[in-house]
Amino acid sequence: MQVPAGKLVSFTMFILLVPSFVSSIDEDNNDNIKKVISHKLMFEITLHGFLLWASMGLLMPIGILAIRMSNGEECGRKLKILFYVHAVSQILSVLLATTGAIMSIKNFNNSFNNHHQRLGVALYGIIWLQALTGVLRPWRGCKGRTVWFFAHWLLGTTVCILGVISIYTGLGAYYDKTSKSTKLWTIAFTVEITVIVLIYLFQDKWVHIQNQGVPVRPSEEHGSIGNEKGEHY
């Protein structure tokens, strides 16, 4: 039986084109999978950054400002409110930071070849140590309260400084990973930190500023001048 030349040519072309067609389908599928993975990774990186900003860049400073406002506060009700604001904000900060750390361990390539990842490991450890000192707080007047207060203050200050640095290095790592500009986020965060620092520094002087417009009796004037001089030294 003789096969027509036209059918033989068509069959030969079909055999030759099938592998390239299948290969093209595989490449399209791989591209689609890569796009899905890329979008998923981008979402996880963004969520990780948001959690760490909410923890280190928002809740932690709020807790510090609250406890600083309690210094010299005589009203028992206000003192209790400020203490609970401090405690709740710090607990939420630790929980959000822990969630961000779990995301990093589970989803990211933790080769620790950049400053952000190495700093993050140290930060997570100090955060939990700080939380532990908060839980083990001795009563005021108890033996060891002074040592505890200094340790708690030192750890809290360290966490805040490292947290701010971590956010800046995280923005840099985000740019390196995605090539997307982070200039706007960097400026916004810098403005936020500047405002928080100004409020922190302004708190000690607020009562003193308010008293500048209050007239004093002659008998109190000498003591007032002495106090003002003492504030400079």
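This is a predicted model: local features need pLDDT of at least 70, side-chain atom pairs count only at pLDDT 80 or more; totals for chains, interfaces and linings use all residues.

Biologist: Where does His 48 sit, and is His 48 buried or exposed?

Modeller: His 48 has its place in helix H1, and it counts as buried because its relative accessibility is 10%, where the cut-off for buried is under 20%.

Biologist: Ok, stepping back, how many helices and strands are there in the protein chain?

Modeller: The protein chain has six helices and zero strands, and reading along the sequence gives the pattern α-α-α-α-α-α. Of its 233 residues, 25% count as buried, while the chain exposes about 17,100 Å², with carbon and sulfur atoms supplying 69% of that area.

Biologist: What share of the contacts join residues at least 24 apart?

Modeller: If we take the contacts between residues at least 6 apart in sequence, 69% of them join residues at least 24 apart.

Biologist: Which residues touch the most other members of the largest nonpolar core?

Modeller: That core has 20 residues, and Met 56, Leu 123, Ile 127 and Val 159 are the ones that touch the most other members. At least two residues of this core come from each of helix H1 (5-69), helix H2 (76-107), helix H3 (115-135), helix H4 (145-178) and helix H5 (183-211). As background, nonpolar side chains in soluble globular proteins tend to be buried together.

Biologist: Take Met 56, then; what does Met 56 touch?

Modeller: Not counting residues up to four places away in sequence, Met 56 touches Pro 61, Ser 93, Leu 123, Ile 127, Val 159, Gly 163 and Ile 167.

Biologist: And Met 60, which helix is that in, and what is in contact with it?

Modeller: Met 60 is found in helix H1, and it counts as buried because its relative accessibility is 3%. Apart from neighbours within four places in sequence, Met 60 is in contact with Ser 55, Gln 90, Ser 93, Val 159 and Cys 160. Met 60 and Ser 93 are 33 residues apart in sequence, yet their C-alpha atoms are 6.1 Å apart in space.

Biologist: Which residues of H2 are buried?

Modeller: The buried residues of H2 include Ser 93, together with Leu 82, His 86, Gln 90, Gly 100 and Met 103, among others. As for its length, the 32 residues of H2 should span 46 Å at 1.5 Å a residue, and the end C-alpha atoms are 47 Å apart, so the two values agree.

Biologist: Changing topic, which residues make the nonpolar surface patch?

Modeller: Leu 58, Ile 62, Ile 81 and Val 85 make a nonpolar surface patch of about 270 Å², and the elements giving two or more residues to this patch are H1 and H2. Ile 81 lies in helix H2, and it is partly exposed because its relative accessible area is 42%, which falls between the limits of 20% and 50%.

Biologist: Last one, Arg 145: buried or exposed?

Modeller: Arg 145, which lies in helix H4, is buried because its relative accessible area is 14%. Not counting residues up to four places away in sequence, Arg 145 touches Arg 137, Pro 138, Trp 139 and Arg 140.

Methods. Residues are numbered from 1 along each chain as its sequence is written. Side-chain values use heavy atoms; hydrogens and water are left out. A nonpolar core is a set of buried Ala, Val, Leu, Ile, Met, Phe, Trp, Tyr and Cys residues joined through side-chain atoms within 4.5 Å. Buried means under 20% relative accessible area, exposed over 50%, partly exposed in between (1.4 Å probe, protein chains only). Helices (H or I, at least four residues) and strands (E, at least two) are DSSP runs, numbered from the N terminus. Contact means heavy atoms within 4.5 Å. Patches are made of residues with over 30% relative accessible area and no salt bridge: like charges are joined within 9 Å, nonpolar side chains (Val, Leu, Ile, Met, Phe, Trp, Tyr) within 5 Å. Accessible areas come from the Shrake-Rupley method with a 1.4 Å probe; for residues, only the protein chains shown count as cover. A salt bridge is a side-chain nitrogen of Lys or Arg within 4 Å of a carboxyl oxygen of Asp or Glu. The expected span of a helix is 1.5 Å times one less than its number of residues.
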